Amino acid sequence: MRKLDVAAEPIEQKQQPAEVSQETKKNRERALQMNLGYVLFLTAAAVITVFVCVNFLQLRAVNTLLQEEVASLEASLDSAILENDSDYNRVMNSVDLEHVKEVATDELGMGLATSDQIVTYEVEDGDYVRLYSEIPEE
């Protein structure tokens with residue numbers, strides 16, 4: 001019988017690297033180098049990016065402050081409206097309309113308006129009419 005000898009290490013076939021042309025070598029060297037124009041461009045881009053980011057953060061901070069101020073002013077407005085409504089109701093409740101009618105008719109000689117004395121106007125905006133001239137009699 002025959003014995004086979006197994007090699008301890010596999011036989012390596014060396015591949016010869018292809019010859020690289022001189023032009024390819026120059027292109028690779030140029031690609032690895034950064035010229036002054038490229039460095040200046042990257043520096044300018046980085047500076048502009050940082051500037052834009054800082055301005056954005058400042059605007060966000062100002063926006064937050066303004067939102068807080070608006071919320072505070074809205075709270076003050078709500079408080080003023082409640083106080084105004086309370087004062088209005090207090091004043092309206094303190095007026096005795098029967099006493100006003102009695103003084104107007106008895107002491108001042110006023111009477112109730114008749115239907116021919118009442119003039120009705122259509123109001124587009126608001127709840128009152130300003131009189132700039134005399135009302136024409138029809």
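**Labels and their cut-offs**

User: Why does threonine 24 count as partly exposed?

Analyst: Threonine 24 has 31% relative accessibility, and since buried means under 20% relative accessible area, exposed over 50% and partly exposed in between (1.4 Å probe, protein chains only), threonine 24 therefore counts as partly exposed. This is a predicted model, in which local features need pLDDT of at least 70 and side-chain atom pairs count only at pLDDT 80 or more, while totals for chains, interfaces and linings use all residues. Residues are numbered from 1 along each chain as its sequence is written, and side-chain values use heavy atoms, with hydrogens and water left out.

User: Where does threonine 24 lie, and what does its side chain contact?

Analyst: Threonine 24 lies in helix α1, residues 22-32, a helix being a DSSP run of H or I with at least four residues, and a strand a run of E with at least two, numbered from the N terminus. The side chain of threonine 24 makes a polar contact with the side chain of serine 21 at 2.8 Å; a polar contact is a pair of N or O atoms within 3.5 Å, where within protein one must be able to donate a hydrogen and the other to accept it, and residues adjacent in sequence count only if both atoms are side-chain atoms.

User: What makes the pair of aspartate 87 and arginine 90 a salt bridge?

Analyst: The side chains of aspartate 87 and arginine 90 meet at 3.5 Å, N to O, and a salt bridge is defined as a side-chain nitrogen of Lys or Arg within 4 Å of a carboxyl oxygen of Asp or Glu. Both residues lie in helix α2, three residues apart, about one turn of the helix, and a search of the whole structure finds one salt bridge.

User: Are aspartate 87 and arginine 90 exposed or partly exposed?

Analyst: Aspartate 87, at 31% relative accessibility, counts as partly exposed, whereas arginine 90, at 54%, counts as exposed.

User: Which helix holds valine 91, and why does valine 91 count as partly exposed?

Analyst: Valine 91 is placed in helix α2, and because its relative accessibility is 41%, valine 91 counts as partly exposed.

User: Why does aspartate 106 count as exposed, and in which helix does it lie?

Analyst: With 60% relative accessibility, aspartate 106 counts as exposed; aspartate 106 lies in helix α3, residues 97-107.

User: How many helices and strands are there in the protein chain?

Analyst: The protein chain has three helices and zero strands, and buried residues make up 1% of its 138 residues.
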